[in-house]
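I set out to record what I looked up in this structure, entry by entry.

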Amino acid sequence: MASLQDRAAQFKPAPMGGAWRALWPLAFALIVGVLMQLVLRPNIDAYSSTQILNIGIAIILAVSLTIVNGFTGQFSIGHAGFLAVGGYVAGSLAYYGSFAFFGSGAAKLGMLSGLYGAPAGAPVFTGGEILFFVSLLAGGLISALLGVAVGLPSLRLRGDYLAIVTLGFGEIVRVLIQQTPQVLMSKEAIAEAPAWKVPLSVGGSLGFGNVPKYTSHFWVYAAVVITLIFAYRLKQSSTGRALLSIREDEIAAEAMGVRTTYYKVWGFVIAAFFAGIAGGLYAHTLGISLSPVDAGFQKSFDIIIMVVLGGLGSISGAAIAAAIVTYLPELLRTPETLEKFAVVGIPLLIVGFAMLGMAGRRSSEAELRSGRDRRALPRVIIGLGAVIVGLSALAFVAKRFNINLGEYRLIIYALALIVMMITRPQGLLGVRELWDGALYRPLRDFFAPRSGGRGA
Amino acid sequence: MLNVSNLQVSYGAIRALHGISLNVEKGEIVTLIGCNGAGKTTTLRAISGLVRSSGGSVSYEGSDITRVRPHELVRMGIAHSPEGRGVFANLTVEENLELGAYARSDHAAIAQDKEKGLTLFPRLRERLRQQAGTLSGGEQQMLAMARALMARPRMLLLDEPSLGLAPQVVSTIFQIIREINAAGTTILLVEQNAHMALKVAHRAYVLETGEIAMEGPAQELAASDEVRKAYLGVG
């Protein structure tokens, strides 16, 4: 019995460990953000900058939807509604807030803001950035509040029926935004308008392009890091376990003492918060004019594709799929460049197959018992390699026959999705994570040291 | 310990339970036998709050629990191992067990109970990190029971533990049911396998189309002509 006592003692976190555990993700997020902005960004061209930024925002969206569709097993198809709410709330606050505090709607860039960086001699950080940060949080919080409203029907509905409700939510948001009055462009116009009407003047169907353009690689990737770590810890926490148990078997979960109704709403609230943050980042991106379409089902479906492709319930899967789904259609725009990618794809295939060979084709009994899957990572590598090699081969053939692949890009993209769903319906990683493979045990233990309890 | 009086449940216009009354004393194994659709599962679910009753009352250790939500009941010491096992297929055996203790926060005692459960079901220890969906039917039933025990219940509601299992596994499961009871847990057992159920139970109720048709000590019922004909397939 003594060993049990010892193990029980491990459950108590060390006092210093608590603060460290809370703070290191923030520090890590800041470091990643700063590196992205000050080291990576100056060395890449404008086009790639935009792509990398979009991928970051897509990752936040996909991972947040994973919490509802993947963890909790509730099928929501109105996620873009939260994106739009967060975007419009943050955009309106930052734009009209700028007029109130700084006299104009323009961005006050500091060193870490702006898609292409701040002008030379910009201060390290500015009051405008504080406003931007507060607006982002406000967008996330308002979005989370609406998450309660959308989560409540999920108490009574499931499956297709819930999906229709969430679809309806997205459409309501879209139509409401369409009805908003024109953007007020000057201090005078703002002074004349009734105060309650000012924050609601977000341009209706004309779009809201005047939002100050703060979003940068720093902000986006700091948010990506925090979202990923949050989602990962959530999955390991007791709240996360409650969510997963609802996905697995709602009646059994209830019989275990899980308050299923309460946690289903929580799932929506958390997901809505992060989608709102993603929306705020999107709204403040250079070249983006927020419009009601951003709340529409097309956008929602893009996010669902990422989550399903990644594997319902897998954080790493959703993040990888978000990158692919965002980048692939862009890549197909300029098929000439595709040929060159064989240089990357072929080694990927070789490495992937070699790793799979070492892992063995089937799970051994022992492996099944230990709960590890060493095939997850090689499979992802092979999948990526196959896609890249396939595309470059396609580009090569097309060039021979003088076909402009760019014209068919959406068809190719759709075909790729179909092939993927037929060959691997559970998505890239299923419900597993990249780090579930034995190779990644050390990494996993570093990110989330489990407080005892594992193994006998 | 548990008193059910005149309990009624309706699914829409269909009345599943027409007012049934039963009681379970501390330390007993009481079984509820009957055919498909007799209302056995509904009775258990109404007791544990998974379905709403439309009339009657349930009391447990002297307090009325008719309207108490399931997650509260677990904290009051009633655990329910649902029909069809309901293991969390994509989670590991260990994670399933930990979820069984979801309502508790006494980590040291939980670790002890896990150890107890694994001693009771040695097969589960071998498969601690295996996904529950990859277990055999018998192992899943063992997991469902071990998981329910993780709530450290004073009263265990067991719904059809023999469902779809090979005869040999069924006798193992019933042996364990006896052991659980011997260790001090009161059990209300719902079974279609009347033969096995009447063997382990102290008392039994026979349910027919939503009403109690017979009740009495298990041995007496097992010997009665009516039960033998209708449920044991003899005579």
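**Entry 1: the nonpolar core**

I began with the largest nonpolar core, which holds 197 residues; A62(A) and A322(A) touch the most other members. I then looked up which element gives the most to this core, and found helix α11 (residues 260–283) of chain A, with 16 residues. I note that the model is a predicted one.

For A62(A), I listed the contacts beyond four places in sequence: I303(A), M306(A), V307(A), G310(A), A318(A), A319(A), A321(A) and A322(A).

**Entry 2: F274(A)**

Is F274(A) buried or exposed? I classed F274(A) as buried because 27 C-beta neighbours lie inside 10 Å, the threshold being 20 or more. Leaving aside neighbours within four places in sequence, I found F274(A) in contact with I60(A), S64(A) and T227(A). I also checked F274(A) against G170(A): 104 residues separate them in sequence, and their C-alpha atoms are 16 Å apart in space.

**Entry 3: chain A against chain B**

I recorded 26 residues of chain A in contact with 35 residues of chain B. On the side of chain A that touches chain B, the elements giving two or more residues are α1 (2–9), α9 (238–248), α10 (250–255) and α15 (365–370) of chain A. I noted that α9(A) gives the most to that side, with five residues. By class, the residues of that side are 13 nonpolar, six polar and seven charged.

**Entry 4: confidence**

I looked up the model scores: ipTM is 0.87 and pTM is 0.86.

Key
Residues numbered from 1 in each chain as written. Chains lettered and ligands numbered in written order. Predicted model: local features only at pLDDT ≥ 70, side-chain atom pairs only at ≥ 80, totals over all residues. Core = buried A, V, L, I, M, F, W, Y, C linked by C-beta atoms within 7 Å. Buried ≥ 20, exposed ≤ 12 C-beta atoms within 10 Å, placed from the backbone. Helix = DSSP H or I, 4+ residues; strand = E, 2+ residues; numbered from the N terminus. Contact = placed C-beta atoms within 7 Å. Nonpolar A, V, L, I, M, F, W, Y, C, P; charged D, E, K, R; others polar.
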